[in-house]
Every structure is written in C-alpha cells, then in structure tokens.
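The sequence and the structure are shown first, and the description follows.

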Amino acid sequence: MSDWLIYRGSGEPHDGIDRLPPPPPWRDFDGGPPLGPPPELDTASVRRLGHGRTSSSYQPLGEDSELINAALYLRRPLLVTGAPGTGKSTIPHSVAHELRLGQVLTWPVVSRSTLREGLYAYDAIGRLQEAQLGQSTDDIGRYIRLGPLGTALLPWSRPRVLLIDEIDKSDIDLPNDLLNVLEEGQFTIPELERAADRSPVATVFTQDGQRVEVTEGRVRCRSFPFVVLTSNGERDFPPPLLRRCLHLLLPQPDHERLAAVVRAHLGEDAAAGGEELIAQFLARSHRGPLAVDQLLNALFLSVYSGDTATRGRLAELLMRPLDQLG
C-alpha cells in the first residue's frame, strides 16, 4: 500500500495523523492558541457507544481510501453518496477510530435544520429567567453551547471529525448557507461580539460537554476538521458546494464487501455460515433497494430460528425491498 496513505482502513488505531503534511496555502488557518488534541474516548466508552463496531464495519476499497486521504491532505469536506445501508455514515467513525481523533461530532440533518443550529445555540430564555430571579447574567458564555459544526471549528491542534448526516434532507437553503463557513473555517457569535468591549473572552460549552474560551466572539479553526457529508442521492446540490467538496460514490456492496461487513459485526463463523443468505441478499437487491442492516438482522436471527424452513421464511420477511415496506 502506498506510503502516502494516512488512513489505511485497517481498523487498527495509530498516530498516522501526525505525518500529515502542512495544508495547501489556501486551506491554512490560524485559529489562535491550540486547544490541544481532541478528547479521547476510553475503552469502556468506545464499547458503550458502539464506535469500535461501527469503525470496523467499514471496509474501504482502493479508490475509497484514496479519496478519504485526499480529503485529509487537502483539508476539504468529503461528500459521500450512495443508497441507504451502503456504509456512508461509518466512514467518519472509521477514520476517527483509526487516527485517534476522538469522538465523532454528529449533526443529523432534517428539513428544519439551519446553519445556526449547527454552529451554536443561545439560551436567551434561560438568561431572562435568571435575570428575573435576581441572578447575575453578565457571563453570556454560560448561555451558549456550540453545535457540532461550531465545535469542530474550534482551534484544536488535531482535526476533529464531523458527520453531517443526510444533507439531502435539508431545506433548499442549507447547502448554500454552509459554503462560507466551510471555505473560511470560521464563524462569529453575535451575542459575544456585542459584549466583547466588556468581556473580550467568554467561556462556552462545546457539543461534547467541554468548556472552552472564545475571544471576541470569533471561532476559527487551526486544523480544518475532517468533514463527511452524506447523501442518499435524493437531490442535486449547487455547483459551489460540489466545488468545495471531494465526491465519493459508494456502490451497492458486492459479495466480498458484504462478507467483510458480516465478519466485522458478527464474527468469522457468521460470515462462513451466512454465504447462502448473502447470496439471497444480492439476488433480491435487483428487485429493489435493500440495506445491509437487513442482511445483518437476518443472519443474527438465523442462529436462533431453528429449522431451514423457518430461517428461509424469516429471511423473506426481513429482506424485503425498502420501497415495498410502506
């Protein structure tokens, strides 16, 4: 495998991120004193949150790995498209786990999502209630919590990993609203800007529960985060967003990749004993869209479902095309 690959898709954690060269001049940021490396998860937390299973379930092919590494080198977002169940959202978990970049920051996008939601939230009602109770409200930072995108853009010494999940479900304006933030690697918090003459430094909460200092209401990254935007291909995106991203298309998994996913989730024995179900899954995928989760569900239950007829009936029920489930 080429030595230029920082992320290898091996699933084994390593410090390869420290070999990442300086960014291109147009993607170099100067976000002030570094906050230190991203917070690490202990082994118990990894098991509890499922990150170990998630990270190992993604099995990159050669082109996948090259595009992921290109995004790391160029400090560009990675737009990952593909049908449901092809493993799009597992990529950031795999990269974060292997490169020891801490907990993945996740922004699940819905039709009502706005850029402001991704950057920060200001609890104006909580501040008003405390003022009515006679409590001091001069520390505005107490009422501000950075969102997933806002937390990712803090000046970490190592890049954070951010998943913007199902961006195609957003309002039509959100992809355009993201352009400037993704290009500039910074944003401002007006509530803190207005108070900067009295309190130039404010301590705010991050999405993952830390407290960090923000100076004069400005957040700017040092290491541009590894940003993965996922899409099910349900809409087209504006050319300016596409120009700022690298594009990875995940096809429907073949037999080899499905077997690798099964091994990662259920072990070697399940993959060896599940050849027939994997073949059925691939055959049925021609009738309509299927998600890999359906195959895993069928394989898991096949251990407990008794005779061959019962297993076949369960597979038929569990592996129905998604467009026939409504």
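## Packing of α11 against α14

Helix α11 crosses helix α14 in a right-handed sense. The model is a predicted one. The two helices, α11 and α14 (residues 292-302), pack at an angle of about 55°, and their axes lie 11 Å apart. An angle under 35 degrees would count as roughly parallel, and 65 to 115 degrees as roughly perpendicular; α11 and α14 are therefore oblique to each other.

On the α11 side, the contact is formed by Leu-258, Val-261, Val-262, His-265 and Leu-266, and on the α14 side by Val-292, Leu-295, Leu-296, Leu-299 and Phe-300. Sorted by class, the residues of this contact are 9 nonpolar and 1 polar, with no charged residues.

From α11, the residues His-255, Leu-258, Ala-259 and Val-262 meet Glu-275, Ile-278, Phe-281 and Leu-282 of α13. The contact of α11 with α13 comprises 6 nonpolar residues, 1 polar residue and 1 charged residue.

The axes of α13 and α14 likewise come within 10 Å, and they cross at roughly 150°. Angles over 145 degrees count as roughly antiparallel, and α13 and α14 are therefore roughly antiparallel to each other. Here too, α13 passes α14 in a right-handed crossing. Leu-277, Ile-278 and Phe-281 of α13 make the contact with Val-292, Leu-295, Ala-298, Leu-299 and Ser-302 of α14. By class, this contact of α13 with α14 holds 7 nonpolar residues and 1 polar residue, and no charged residues.

## Nonpolar cores

In soluble globular proteins, nonpolar side chains tend to be buried together. Which members of the largest nonpolar core touch the most other members? Among its 40 residues, they are Leu-149 and Leu-178. Helix α8 (residues 174-184) supplies the largest share of this core, with 5 residues.

When neighbours within four places in sequence are left aside, the contacts of Leu-149 are Trp-107, Leu-115, Gly-118, Leu-119, Leu-162, Leu-178 and Val-181. Another core, of 24 residues, lies apart from the largest one, and its members include Ile-6, Ala-71, Ile-91 and Leu-99.

## Helix α4 and the residue that follows

Helix α4 (residues 90-98) is largely enclosed by the rest of the structure, because 8 of its 9 residues are buried. The buried residues are Thr-90, Ile-91, Pro-92, His-93, Ser-94, Val-95, Ala-96 and Glu-98. Ile-91 is also among the members of the core of 24 residues. Just after α4, Arg-100 adopts a positive phi of about 55°.

## Positive phi in two loops

Most residues other than glycine have a negative phi. Glu-166, although not a glycine, has a positive phi of about 60°. Glu-166 is located in the loop between β5 (161-165) and α8. The relative accessible area of Glu-166 is 26%, so this residue is partly exposed.

Glu-216 is not a glycine either, and its phi is positive at about 55°. Glu-216 occupies the loop between β8 (211-215) and β9 (218-220).

Beyond four places in sequence, Arg-244 is in contact with Arg-76, Pro-77, Leu-179 and Glu-183.

Pro-84 lies in the loop between β1 (78-82) and α4. With a relative accessible area of 33%, Pro-84 is partly exposed. Residues up to four places away in sequence not being counted, Pro-84 touches Asn-232, Leu-290, Ala-291 and Leu-322. Pro-84 and Val-181 are 97 residues apart in sequence, and their C-alpha atoms are 28 Å apart in space.

Definitions and conventions:
Residues numbered from 1 in each chain as written. Predicted model: local features only at pLDDT ≥ 70, side-chain atom pairs only at ≥ 80, totals over all residues. Heavy atoms only, no water. Buried < 20%, exposed > 50% of the residue type's maximum accessible area, 1.4 Å probe, protein only. Helix = DSSP H or I, 4+ residues; strand = E, 2+ residues; numbered from the N terminus. Contact = heavy atoms within 4.5 Å. Nonpolar A, V, L, I, M, F, W, Y, C, P; charged D, E, K, R; others polar. Core = buried A, V, L, I, M, F, W, Y, C linked by side-chain atoms within 4.5 Å. Axes fitted to C-alpha atoms, helices over the stretch in contact; angles between N-to-C directions. Left-handed = near helix turned anticlockwise from the far one by under 90°.
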